[in-house]
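The tour moves from one stop to the next.

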Amino acid sequence: MARPEPKHAPEPAPKPESKPLPVSAPELLPVPAPEPAPESAPEDEPEDEPEDEPGFEEDPEEAEPAPMSVSARAVDRHSGRRRLKAALWPPRMSRGQLVVAVLLFALGLGLAIQVRSTNDHHSQLRGARQEDLVRILDELDSRQQRLQQEKAELEQSLAKLENSSNQAKEAQEQTRKKATELGVLAGTVKATGPGIVLTVDDPQGQVKADMLLDTLQELRAAGAEAIQINDVRVVVNTYFTDVSGGGVQIDGKKVSAPYRFTVVGNPQDLTPALNIPGGVVRTLESHQARATISQQQKVVVDALVDLKTPQYVKPAPK
């Protein structure tokens with residue numbers, strides 16, 4: 001009796017009859033669609049194609065490397081054009097390049113004009129007759145001779161002008177030198193040179209105008225060229241007068257002791273002329289005045305006189 005129980009044991013097996021899974025299986029089978037994976041492979045490859053050239057998706061039969069190379073060449077060509085355009089425009093020129101360009105343009109224009117004028121002249125001469133050519137040559141020869149003659153005349157004029165200019169400069173130099181010499185004598189120009197300084201002290205007031213005049217005459221006779229007494233320049237028309245109450249006037253200006261003579265001349269001639277027996281120094285000492293002579297290599301006579309225009313005198317005709 002125990003064995004029949006195992007036969008009834010498989011009764012629960014009807015579970016296979018309730019196989020709802022096969023019924024829903026046809027719906028679930030498409031879900032694990034990894035089988036269409038071959039279609040996804042072409043989808044991965046075109047992902048790079050739209051970035052370069054989307055238009056090539058329509059030709060799946062072409063090899064994939066071909067669209068890549070064509071698009072690369074198109075991009076390179078496009079970028080090359082842009083670089084060329086950027087390099088050419090706007091033009092970038094330095095100042096030196098601009099100057100060189102202007103000079104080259106001017107040179108080219110000048111050459112073109114010269115060539116054109118030369119060609120026109122040659123074309124005119126080419127069509128001229130022999131008589132006309134001979135006449136043109138004669139005119140050119142005569143014109144050359146005239147130009148040579150004018151050149152010689154101009155050179156002679158230039159030589160004359162240079163000589164006259166040198167003569168004028170020499171005359172001006174001589175005139176200036178003579179005017180300076182006359183100015184020294186007339187007292188209108190300062191004078192300097194070797195000379196002496198004679199100082200006359202008169203404590204007793206015994207020196208008179210005639211004594212100063214004698215001293216001046218002795219100095220002139222000894223070769224004095226410029227003389228100044230105190231601050232008065234001695235010239236050819238200088239005069240001395242006594243002043244009541246003491247003192248002396250020179251050319252209307254009062255001069256008081258000590259009387260200082262500044263003399264330009266040779267000291268070796270002036271000093272002995274004053275110290276001769278019975279001369280100026282001895283005469284001054286006899287009137288209780290003391291004369292002191294100092295020889296110097298350079299003295300300056302800087303007192304000037306006002307030059308007056310003569311009222312009556314005029315240069316005599318030669």
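Start by selecting Q288. At 53% relative accessibility, Q288 counts as exposed. The accessibility classes are buried for under 20% relative accessible area, exposed for over 50%, and partly exposed in between (1.4 Å probe, protein chains only). Q288 sits in the loop between α10 (280-286) and β8. Helices (H or I, at least four residues) and strands (E, at least two) are DSSP runs, numbered from the N terminus. Check the backbone here: Q288 has a positive phi of about 60 degrees, although it is not a glycine. Most residues other than glycine have a negative phi, and most peptide bonds are trans.

Some ground rules before moving on. This is a predicted model with residues numbered from 1 along each chain as its sequence is written. Local features need pLDDT of at least 70, side-chain atom pairs count only at pLDDT 80 or more, totals for chains, interfaces and linings use all residues, and side-chain values use heavy atoms, with hydrogens and water left out.

**Whole chain**

Zoom out. The protein chain has 10 helices and 8 strands. Of its 318 residues, 18% are buried. Now the contacts (heavy atoms within 4.5 Å). Among those between residues at least 6 apart in sequence, 71% join residues at least 24 apart.

**Backbone stops**

Select D251, in the loop between β5 (248-250) and β6. D251 is not a glycine, yet its phi is positive, about 55 degrees. D251 counts as partly exposed, at 24% relative accessibility.

Next, select A257 and P258. Which peptide bond is cis? The one from A257 to P258, with omega near 0 degrees. P258 belongs to the loop between β6 (253-255) and β7 (259-264).

**Helix α7**

Select residues 130-186. This is helix α7, with 57 residues. From its first C-alpha to its last, α7 reaches 82 Å, close to the 84 Å expected at 1.5 Å a residue. That expected span is 1.5 Å times one less than the number of residues. Step just past the end of α7: G187 takes a positive phi of about 85 degrees.

**Salt bridges**

How many salt bridges does the structure hold? It holds 3. A salt bridge here is a side-chain nitrogen of Lys or Arg within 4 Å of a carboxyl oxygen of Asp or Glu. Side chains of opposite charge can pair when their charged atoms come close.

- Select E139 and R135. Their side chains meet in a salt bridge at 3.2 Å, N to O. Both lie in helix α7, 4 residues apart, about one turn of the helix. E139 is partly exposed at 44% relative accessible area, and R135 is partly exposed at 43%.
- Select R176 and E173. Their closest N and O atoms are 2.7 Å apart, in a salt bridge. This pair also lies in helix α7, 3 residues apart, about one turn of the helix. E173 is partly exposed, with a relative accessible area of 38%.
- Select D201 and R290. They form a salt bridge, with the closest N and O atoms 3.0 Å apart. This pair links distant parts of the chain: D201 is in strand β1 (residues 191-201) and R290 in strand β8 (residues 290-301), 89 residues apart. D201 counts as partly exposed, at 22% relative accessibility.

**Arginine without a partner**

Select R233, in strand β3 (residues 232-234). R233 is buried yet has no salt bridge. For charge, Lys and Arg count as positive and Asp and Glu as negative; His and the chain ends are not counted. Which side chain of opposite charge is nearest to R233? D302, 7.4 Å away.

Now show backbone oxygens around R233. The backbone oxygen of A303 lies 2.8 Å from a polar atom of the R233 side chain. The backbone oxygen of V189 lies 3.2 Å from a polar atom of that side chain.

**Last stop**

Select D306, in the segment after β8. D306 counts as exposed, at 72% relative accessibility. D306 and T188 are 118 residues apart in sequence and 7.0 Å apart in space.

Methods:
A polar contact is a pair of N or O atoms within 3.5 Å; within protein, one must be able to donate a hydrogen and the other to accept it, and residues adjacent in sequence count only if both atoms are side-chain atoms.
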